[in-house]
Amino acid sequence: MYGRVLFASQEQKMNLTSYGWTDFLGAQFNDYSSPGLKPARVVRSDRGEFQLIGADGIFRAQTAGILDSSGEPAPIATGDWVAVDRSQDTAVIRAILPRKSAMTRRRAGAAERAQVVAANVDFVLVVDGLDRGPNQRRIERGVALAYGGGATPIVILSKADLCKDREHTSMLVEEAAPFVETFFISATEGDGLEGLSAHLAPGSTSVLIGPSGVGKSTLANALSGEGHLAAGPVRAGDAKGRHTTTRSELILLPSGACMIDTPGVRELGLWLDTEAVDAAFADIEGLSETCRFGDCNHSGEPGCAVVEAVAVGELPASRLASYQKLLREAEIHEIRHDASKARLSKNRERNFAKICRAEQKRKNR
Ligand SMILES: Nc1nc2c(ncn2[C@@H]2O[C@H](COP(=O)(O)OP(=O)(O)OP(=O)(O)O)[C@@H](O)[C@H]2O)c(=O)[nH]1
Ligand SMILES: [Zn+2]
């Protein structure tokens, strides 16, 4: 069977293709939406207000109380592909297409839940500044977060103009992020930008993570070449930058790649899971295959290949400690998440029981 006609012309389709639209999404769209709805991507979200890019350009839209699979209000994030109803004066988002990846943040509160801050992300650019760094622990964490979101990490060593010893720096970064593509970049001097641009394919979506002041906005500006995003000066005396971003925004770079700039992802307060931590420490995972016990925790068990690797200087002890720390953190996330999920479904069961009792009473009357 043929899908519905989604675009009036090839040119219209191209408009969305440049933002990452694929035939795969087209097929999903046909499954998920009812006639009359059009595909669009969220390019900006600011406290419940959305700007979308559709086949004929950018427009504003509202949501219509979409619920997720567990009956909670579904959060719409920058980068989401949505089905939108444009038959009325105000465009209304009716459905969110399944995400291929999502960067999520822990949300404080009794029921700890994850909040999506950037959706459908291909690359997470883990930015670390060479005015101080490289900070191996932070890089490890960033790489794990990228894997946790289902994206590919890329390490960006920013402010490379301030780096005195690239060889030594490379060695340290290689230790913290083996198998991860790494770029030395000086956004202020325009150094290394071309290599990075070439790596970010047209239609792909990247997001920048890293602490305040490492140069994320400056990098995004340099890549966009238009001064799209406001960068603030670092306060004298420390390396903390001013917070300049308040909303979450997806921009199309001249190279054809998309980039999401969002305060939520900057804070690094992102969701971790144990699988992602294992992926970020693939070297330790590899070593552990020869530990005597299959469930070895690498903390003193006999025949532990990981501790042995530390003893002979093959694996830095600090990296093993970092792995175990992140693993613990991820386990706590997972336990809390499961607990709050269980709590939610309990509530729902209770509500359901209440409805059943009320219904029974009504019948008995
Ligand atoms: N020397 C040097 N300084 C840079 C470079 N890139 C950024 N900076 C400086 O670092 C400071 C912080 O840069 P921002 O781009 O605002 O940092 P940010 O990561 O976006 O910070 P937040 O918006 O607070 O998250 C600014 O003073 C920049 O001029 C670089 O490549 N070399
Ligand atoms: Zn072991």
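This is a predicted model: local features need pLDDT of at least 70, side-chain atom pairs count only at pLDDT 80 or more; totals for chains, interfaces and linings use all residues.
Which residue pairs with phenylalanine 29? The partner is tryptophan 21, and the two rings stand edge-to-face, with 6.3 Å from centre to centre and 70° between the planes. Tryptophan 21 is buried as well, because its relative accessible area is 4%, under the 20% cut-off. The pair belongs to one aromatic cluster, formed by Trp21, Phe29 and Trp81.

A further aromatic pair consists of phenylalanine 281 and tyrosine 323. Here the geometry is tilted, the centres being 5.2 Å apart and the planes at 55°. Why does this pair tie together separate parts of the chain? Phenylalanine 281 is in the loop between helix H8 (274–280) and H9, whereas tyrosine 323 belongs to helix H11 (residues 317–364), so the contact links parts that lie 42 residues apart in sequence. Both phenylalanine 281 and tyrosine 323 are buried. Across the whole structure, the search returns 3 aromatic pairs.

One ring also meets a charge. The charged end of arginine 86 is placed over the ring of phenylalanine 59, at 3.6 Å from the ring centre.

For comparison, the ideal angle for four tetrahedral donors is 109.5 degrees. Cysteine 296 and cysteine 304 are both buried.

Most residues other than glycine have a negative phi. Histidine 298, however, has a positive phi near 55°. This residue is located in the loop between helix H9 (282–288) and helix H10 (305–311). Is histidine 298 buried or exposed? Its relative accessibility is 7%, so histidine 298 counts as buried.

Asparagine 120 is another non-glycine residue with a positive phi, in this case of about 55°. Its setting is the loop between strand S7 (113–119) and strand S8 (123–129). Asparagine 120 counts as buried because its relative accessibility is 6%.

My last topic is strand S12. Of the 5 residues in S12 (residues 248–252), 4 are buried, and the strand is thus mostly covered. Which strands pair with S12? Strand S1 (residues 37–46) runs antiparallel to S12 and is joined to it by 2 bridges. Within that pairing, arginine 44 has glutamate 249 of S12 as its bridge partner. Strand S13 (residues 258–261) also pairs with S12 in the antiparallel sense, through 4 bridges. There, leucine 250 is opposite isoleucine 260 of S13. The hairpin of S12 and S13 has 5 residues between its strands, and glycine 256 in this hairpin adopts a positive phi near 100°.

Notes:
Residues are numbered from 1 along each chain as its sequence is written. Chains are lettered from A and ligands numbered from 1 in the order in which they are written. Side-chain values use heavy atoms; hydrogens and water are left out. Buried means under 20% relative accessible area, exposed over 50%, partly exposed in between (1.4 Å probe, protein chains only). Rings of Phe, Tyr and Trp (its six-membered ring) pair if their centres lie within 6.5 Å; planes under 30 degrees apart count as stacked, over 60 as edge-to-face and the rest as tilted. A charge sits over a ring if NZ of Lys or CZ of Arg is within 6 Å of the ring centre and within 35 degrees of the ring normal. Two strands pair if DSSP finds at least two bridges between them.
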